[in-house]
Amino acid sequence: MIYFNEFLLLAIIHFLAVVAPGPDFAVVVQQSISYGRKIGAITALGIGAGISVHVIYTILGFGLLIQTNAIVFNTVKIISALYLIYLGINLIKGNLKKEKSNVSDSEIIINNDLTSKKSAFLKGFITNATNPKATIFFLGIFTTVVNQNTPMQVQFLYGIWMCMVNAGWFILVAYLFTTKNIRNVFLKKKGLFEIFMGIVLIGLALRLLLTFN
């Protein structure tokens, strides 16, 4: 109970940050609509696992090094932006090819076999683990909310909680976007939807590149 107030404040701040739309949200929605609930949930688990990267290096003190070293921090930004651009271009190119070959969205069979569970997990993991905004967030929350005297094992428990919340929230997102009525609406215009999501990811990448230290 001695750390309950600290944990409660951290949990509230973290949850508000999680539900704010960003690259994680965009990737989970796209994966869920395109490949189904299971793949969407696995992508969400990858995002939850990606949080552990930020938690570990922040608690061990490397988070401050990353943020204060402009070269390192900007390198992380570039890697993150390039990955988002890569995802976005693949979505756009794939659907433009379908248009040129006159394949309609209704003729596309959506099957979990189109994307492996491993690639779905890695997509979620890399999207979150390379997000420099998460670096700033975790460094901020662990330096302003968490007392410096809080034992490291307790801080790691905080981190585990945050991994679980991230995964849980995006599993819920995957569930909501794969309910029959909602998913059917998107699948009617699957090609346009994926092109739009590709543009969103590229837009997020460009915004990231415009915020250099």
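I began with Leu-201, which touches Pro-23, Ala-26, Val-27, Leu-84, Leu-87, Gly-88 and Leu-91, leaving aside residues up to four places away in sequence. I note at the outset that the model is predicted.

**Entry 1: the cores.** I then looked up the largest nonpolar core, which has 24 residues. Within this core, Val-28, Phe-170 and Leu-201 touch the most other members.

**Entry 2: helix H6.** I checked the length of H6, which covers residues 117–129. At 1.5 Å a residue, its 13 residues should span 18 Å, and the end C-alpha atoms are 18 Å apart, so the two values agree. I also recorded which residues of H6 are buried: Ala-120, Gly-124, Thr-127, Asn-128 and Ala-129.

**Entry 3: aromatic rings.** I counted nine aromatic pairs. In one of them, Phe-138 and Phe-142 are stacked, with 6.5 Å from centre to centre and 25° between the planes. Both residues belong to helix H7 (residues 132–144), where they are four residues apart, about one turn of the helix. I recalled that an α-helix has 3.6 residues a turn, so residues three or four places apart point the same way. Are Phe-138 and Phe-142 buried or exposed? Both are buried. I noted as well a cluster in which ring pairs link Phe-25, Phe-177, Phe-186 and Phe-193.

**Entry 4: Tyr-3.** I located Tyr-3 in the segment before helix H1 (4–19). Its relative accessibility is 28%, and therefore Tyr-3 counts as partly exposed, the range for that class lying between 20% and 50%. Tyr-3 is 144 residues from Asn-147 in sequence, yet their C-alpha atoms are 9.5 Å apart in space. Not counting residues up to four places away in sequence, Tyr-3 touches Thr-150, Pro-151, Val-154 and Tyr-158.

**Entry 5: the salt bridge.** How many salt bridges did I count? The count comes to one. Glu-194 forms a salt bridge with Lys-190, and their closest N and O atoms are 3.2 Å apart. I kept in mind that side chains of opposite charge can pair when their charged atoms come close. Because Glu-194 and Lys-190 are four residues apart in helix H10, about one helical turn separates them. I recorded both Glu-194 and Lys-190 as buried.

Technical notes
Residues numbered from 1 in each chain as written. Predicted model: local features only at pLDDT ≥ 70, side-chain atom pairs only at ≥ 80, totals over all residues. Heavy atoms only, no water. Core = buried A, V, L, I, M, F, W, Y, C linked by side-chain atoms within 4.5 Å. Buried < 20%, exposed > 50% of the residue type's maximum accessible area, 1.4 Å probe, protein only. Contact = heavy atoms within 4.5 Å. Helix = DSSP H or I, 4+ residues; strand = E, 2+ residues; numbered from the N terminus. Expected span 1.5 Å × (residues − 1). Phe/Tyr/Trp six-rings, centres within 6.5 Å; stacked < 30°, edge-to-face > 60°. Salt bridge = Lys/Arg side-chain N within 4 Å of Asp/Glu carboxyl O.
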